[in-house]
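Hi,

Here's the structure I said I'd pass on.

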Amino acid sequence: MARIVETATGTVERVDVDPVTLDLIENGLRNARYEMDEVLFRTALSPGIREQHDEFPLIGDPSGKMVVGQFGLSIPDFLDGFDDTVEEGDVLLTSDPYACGAAISHANDWLLVMPVFHEGRVVGWASMFGHMSDVGGKTPSSMPTDARTIYEEGVVIPPFKLYRKGVLNDDALRIILNQVRMPDWNRADLNGLVAACRTASRRVVEMCQRFGTATYLSALDALLQRNHDAMKVLLQAVFEEGRTLSFTDYICDDGVGNGPYELKLSLTRTGEKVHLDFTGSSPQAAGPINYYINENLTRMFFGIYMITVADPQILWNDGFYPLVDVTIPDGSYWKPAHPAALNGRNHGIGRVFDLFGGLLGQTNPALLNAAGFSSSPHFMYSGHYSSGERKGEWFQLYSIGFGGIPGRPLGDGPDGHSLWPSFVNIPCEYLESYYPLRIETWETVPDTGGAGLHRGGNGVDVAYVFEEPGEIAIHDDRWLTYPWGVNGGEPGARGRKWIDRADGTREVLPSKCHGVPVHPGDVLHFVTWGGGGWGDPLQRDPELVAREVRRGLVTHRGAERYGVCVTEDGEVDVEATETMRDQLRADRPAELPVFDMGPPVEELLARCEEETGLPAPRRPVWTSA
Amino acid sequence: MSYRLGVDVGGTFTDVLLVDEDSGATWRAKTASTPADQAVGVLRGIEEVCADAGIAMAEVAQVLHGTTVATNAILEGKGARVGLVTTRGFRQVLQIARSFVPGGLAGWIIWPKPEPLADLEDTVEVEGRVASDGSVVRPLDEDDVRAQLGRLAGRGVQALAVSLVNSFADAGHERRIRELAAEVLPGVPVSLSSDVLPELREYERTLTTVANGYVQPQVEKYVRHLSAGLREGGVAGELSILRSDGGLQSADAAVAAPVTMLLSGPAGGVTGAVWVAEQCGHRDLITFDMGGTSTDVALVRDLSPRIGRETKVGDLTVRASSVDVRTVGAGGGSIAHVPELTRALRVGPQSAGADPGPAAYGKGGVEPTVTDANVVLGYLPSALAGGEITLDAEAARASVSKVAEAMGLDSPEAAAAGIVDIVNENMLGGLRLVSVQQGFDPRDFALVAFGGAGPLHANALGKLTGAWPVIVPPSPGVLCALGDATTSRRDESARTVLRRFGQLTDGELGQILRELADEAAARLAAQGLAREDQTVGFQVDVRYHGQGFEIPVEVDPAWLDGGDSLAELGRAFDAEHDRLFSFLLDVDHELVNARATVTGPRPDVAPVRLEEGDGDPAGALVTEALVHVGGEQVTASVYDRARLRAGDVVRGPAIVTEMDSTTLVLPGHAATVHASGSLLITPEA
């Protein structure tokens with residue numbers, strides 16, 4: 001338990017805050033949070049933060065409750081596990097999920113926590129974590145797909161004072177950076193994280209000066225209360241008392257031959273409270289896909305889905321947390337026992353989008369989205385230049401793939417985009433300028449988006465031609481289970497990976513692999529998955545289907561899933577279309593299912609090798625309850 | 001006698017400003033814009049202003065014009081049908097874009113993805129590949145090119161954009177395609193990405209090239225028509241168009257690269273503000289242009305506006321240099337609302353626009369807007385825009401009362417004060433974007449407020465930022481036209497040079513920059529600007545090797561002669577990085593882009609001089625009015641700006657009215673009338 005050292009005595013009395021001042025402070029906090037992002041993006045060196053923006057800022061109240069941020073990490077959990085003093089000028093660092101109550105969820109994430117002092121007392125916390133592209137360990141980028149313990153995943157930093165009263169602990173930093181492959185990256189990113197937190201700290205102090213500390217702190221209380229009150233009303237309106245909603249989705253495999261893992265989430269409202277329960281989920285994985293989830297993070301995710309619809313301008317905060325109880329079974333996929341491997345938890349985090357979407361959408365099918373590109377699949381390529389002026393120099397690429405956004409109530413899902421906020425792809429010309437590779441194709445794959453009144457977005461095929469010998473690694477999923485469709489929409493296509501070797505042979509790759517050797521002239525096809533469709537495909541405007549055929553987003557054959565017959569020159573054959581649609585309607589059930597998950601898991605496993613070219617995984621079982 | 005004519009075409013009004021270069025005397029005309037053919041309104045305004053000044057149109061030596069014709073083509077989706085040629089395998093470059101979805105964690109649920117500017121149906125890919133070092137991997141297949149262009153010929157494309165992978169490193173394939181297009185698609189204008197934006201990043205380069213082709217036919221038609229109209233009307237002087245970066249270019253140059261003039265309009269406001277501030281003796285300023293639906297802000301140091309590398313129009317962001325204007329969705333028409341769930345007061349981004357407009361305009365609007373709040377507080381006189389609009393105070397009060405009820409406040413005045421405070425805070429966010437977030441302390445800058453609503457909120461923004469004085473230019477509505485008339489000619493050349501400093505010599509750096517300068521200088525010389533009148537400036541984008549963002553750094557031409565230019569550049573970059581982010585890295589620097597800008601001399605326009613007064617504004621006093629400030633009702637003096645004299649001091653609370661704007665001076669502040677006509681608001685000691 002941390003001991004906070006403050007030189008000021010007495011407490012700050014709470015005062016009434018007029019509603020306008022409250023809104024001014026809310027606005028100031030929002031600006032400060034975006035400023036944190038800006039500082040880090042612009043200074044980071046490692047591709048994970050620089051290009052993919054894999055980082056999350058937070059500003060807390062004096063007790064550590066988040067008053068602004070986008071993805072709750074938990075300062076109270078961090079402070080609980082921190083056995084030291086906290087003084088003005090201290091900056092705390094950790095990368096150990098097991099030492100901070102899963103405030104972060106794998107060792108690649110470096111978490112900084114910094115107290116904000118004003119006039120001798122803590123008036124808040126600034127905190128931020130970022131994904132370091134390499135933290136050492138046995139594979140480049142530190143994400144071995146066969147890891148069984150966290151000890152294989154690089155340096156794991158226990159919570160400690162990176163800065164003690166403003167003075168950098170140089171020795172400790174040197175020891176840490178000695179463990180990693182690209183220390184320049186880590187140093188720059190760490191500097192950026194510190195600079196971002198200091199920026200937030202300055203903004204908080206400025207607000208204390210402008211409005212007075214008592215007003216500022218009272219406003220934070222009121223902002224937390226505002227979320228609480230809003231959520232209370234919303235919960236009563238949306239969820240029927242005592243009715244339990246459940247939804248189950250999957251992670252296809254764990255990298256060491258087990259899967260699919262069931263992710264089950266249930267929700268029940270009792271009185272003013274809602275209970276989120278992960279009971280029924282699979283046991284922890286042998287491989288590195290476990291997603292050690294923090295309870296507050298679960299609440300935050302839930303809240304985002306709930307409140308966005310009601311007042312999109314509201315500032316996210318922890319205020320409504322007391323209204324949400326969370327149960328996460330020990331030893332489950334969501335709460336593995338130390339020292340379980342964690343590096344590949346990105347699929348689990350992504351699948352939470354689908355899980356909450358499927359769960360909460362059941363209250364109102366009109367607001368239900370299909371399943372989308374619920375991950376951030378990684379592609380890594382590393383080695384030494386074998387010739388030329390850079391001969392012997394180390395190169396290391398880390399990048400993220402993009403796929404189909406699901407069909408939505410609003411309309412079609414965009415092709416080849418990101419479900420995650422602020423993620424962007426790395427331009428082809430940038431990759432070709434900095435790495436020994438060429439990209440021959442970068443296009444979406446027609447028909448990979450699920451058919452529907454609103455089509456799911458297509459997945460993407462990026463074909464990398466390697467120019468130097470090296471090794472590649474891949475972290476992906478949804479190669480076995482389908483991105484489901486809703487309200488009559490069909491599932492999207494699954495992801496695939498293969499190498500066309502320079503000698504003409506083809507090698508199918510598992511969705512999670514590392515240490516795969518590649519040689520000049522080999523071509524990797526990294527094909528991501530599509531989004532599920534939304535609504536009845538037979539109701540889609542035939543003209544739109546034909547236009548998408550002309551655009552190359554849907555094939556002639558694919559148009560038939562919409563019951564549309566498109567002529568050779570890309571026009572709708574009206575008569576044939578009517579006939580085909582009548583036939584399809586006659587052949588299907590009158591009532592379309594709310595969820596179309598594709599074939600049942602048993603069937604997927606039975607046909608796995610035949611359909612994917614990969615052996616079927618073994619289903620995980622709980623060994624002790 | 002020599003006359004310059006500044007012309008600014010806005011959505012509602014066309015402002016024309018005639019300047020006598022010798023005396024600095026000005027004449028103004030304001031006519032209704034003619035959206036169907038903007039040239040009609042422009043010519044009408046010119047005729048009016050010349051008649052007013054009693055001169056013949058033939059006496060006008062220069063017509064300097066900021067126009068939104070390119071912007072509107074994009075905003076209204078009325079540009080040309082563009083055919084796009086890409087490298088095989090990259091046909092969907094605009095469809096995939098950067099895979100970015102705006103908004104927060106659930107943002108994808110509510111994001112409507114805009115359609116690509118060139119339809120996939122009109123996009124073809126051709127065989128042939130260049131590597132990132134410019135070497136040819138596979139030669140261009142000319143038969144394939146002819147076949148693909150032939151497909152586009154059958155589709156009726158009106159402009160062709162060619163953007164091949166790595167064309168920034170070697171433009172050979174793109175140039176050959178232009179030659180082939182002349183045969184297959186005769187008469188269709190061609191934009192090459194290697195001409196429009198020879199910089200790395202295929203999506204941004206392609207989009208910018210397509211945008212160029214998209215607006216080109218309309219811009220060409222407009223400029224040709226206006227030029228002809230001017231000639232027929234007897235104007236002998238040549239027509240120049242304002243670029244987004246605040247410089248002027250010849251009409252021909254504008255037609256060739258219209259993507260450089262997308263922000264021509266806002267750039268005029270900033271250059272006008274620079275002129276006005278300089279007259280008042282201020283070289284560092286922040287501009288604050290508050291209109292009906294949005295507010296534009298920009299930062300100017302030492303009379304030079306910060307130039308950004310991106311131009312944003314609606315959903316579209318293209319890579320073209322422009323005055324770094326940030327836009328906040330807050331203006332006089334922004335609507336205040338109180339979400340039922342949170343009972344928070346929100347202002348904007350929804351706007352009542354011009355139609356129905358604020359409730360006070362009496363055109364059927366019932367939603368409470370910022371303007372209505374100003375009316376309730378007594379800040380706005382009962383007639384606006386020279387009496388064209390009469391304000392309905394009761395309607396304003398009724399609309400604002402809805403906010404008071406929803407929030408549980410006891411009076412409409414309290415709600416109105418809240419609305420004004422919130423909108424000021426939203427605009428403060430914009431001012432912080434260009435100042436503190438770029439490492440500048442706003443207290444080191446003056447704040448120049450214009451636009452219809454700017455002078456009303458300027459004093460409050462001065463208080464929030466500490467930027468003093470707050471300068472309110474005379475007739476803030478025609479400031480853009482003034483900017484058009486007082487800026488200089490400009491052009492630039494740029495290209496990507498991706499090289500670590502360790503792989504570069506001082507000699508190579510000098511050679512690259514001088515080549516770029518020669519290109520731009522030759523273009524300006526062709527526009528009739530003699531070499532001896534040209535001033536060359538250099539800028540490079542630098543980062544630590546491996547960073548994803550560059551920082552633009554000015555290169556002192558003297559460094560290039562000294563033989564130590566890379567070291568000087570490294571030091572300048574480190575200083576800027578330290579200023580922005582408070583730390584340095586021990587990593588090699590990397591040059592990313594190099595640019596040379598060439599400018600002509602600033603026109604020699606004499607400033608206006610107001611008649612000297614005795615400090616007492618009593619002669620301009622019109623009436624007194626009750627206003628609400630800081631929760632109290634106080635009596636404010638109302639002055640007629642036209643009757644104020646140099647040196648007069650207007651003490652707050654006061655309201656200064658003129659035809660197209662109203663200035664509010666808060667209690668505890670005073671506005672001093674500067675000889676050049678501006679009001680300078682400062683806190684009273």
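Before you count anything: helices here are DSSP runs (H or I) of at least four residues, and strands are E runs of at least two, numbered from the N terminus. On that basis, chain B has 18 helices and 37 strands. Keep in mind that this is a predicted model.

First, the overall build of chain B. Its C-alpha atoms fill a box of roughly 80 × 65 × 55 Å along the principal axes. A compact globule with 685 residues would have a radius of gyration near 26 Å, and chain B has 26 Å, so the two agree. Of those 685 residues, 56% count as buried. Looking at contacts in chain B with a separation of 6 or more, 67% are between residues 24 or more positions apart.

Next, the place where the chains meet. How many residues of chain B are in contact with chain A? There are 55, and they touch 66 residues of chain A. On the chain B side, α3 (93–96), α4 (107–110), α8 (202–232) and α13 (412–434) each supply at least two residues. The largest share comes from α13(B), with six residues. By type, the chain B side that touches chain A splits into 28 nonpolar, 17 polar and 10 charged residues.

One last thing, from the records. An unreviewed UniProt entry places "domain: Acetophenone carboxylase-like C-terminal" at residues 508–672 of chain B. In the model, that span is 25% helix and 37% strand, and its end C-alpha atoms lie 53 Å apart.

Cheers

How values were computed. Residues are numbered from 1 along each chain as its sequence is written. Chains are lettered from A and ligands numbered from 1 in the order in which they are written. This is a predicted model: local features need pLDDT of at least 70, side-chain atom pairs count only at pLDDT 80 or more; totals for chains, interfaces and linings use all residues. Two residues are in contact if their C-beta atoms, placed from the backbone, lie within 7 Å. Ala, Val, Leu, Ile, Met, Phe, Trp, Tyr, Cys and Pro count as nonpolar, Asp, Glu, Lys and Arg as charged, and the others, Gly among them, as polar. UniProt positions are given in the numbering used here, feature names are shortened, and annotations may be inferred rather than shown by experiment. The radius of gyration is taken over C-alpha atoms; the globule rule is 2.2 Å times the number of residues to the power 0.38. A residue is buried if 20 or more other C-beta atoms lie within 10 Å of its own, exposed if 12 or fewer, and partly exposed in between; C-beta atoms are placed from the backbone.
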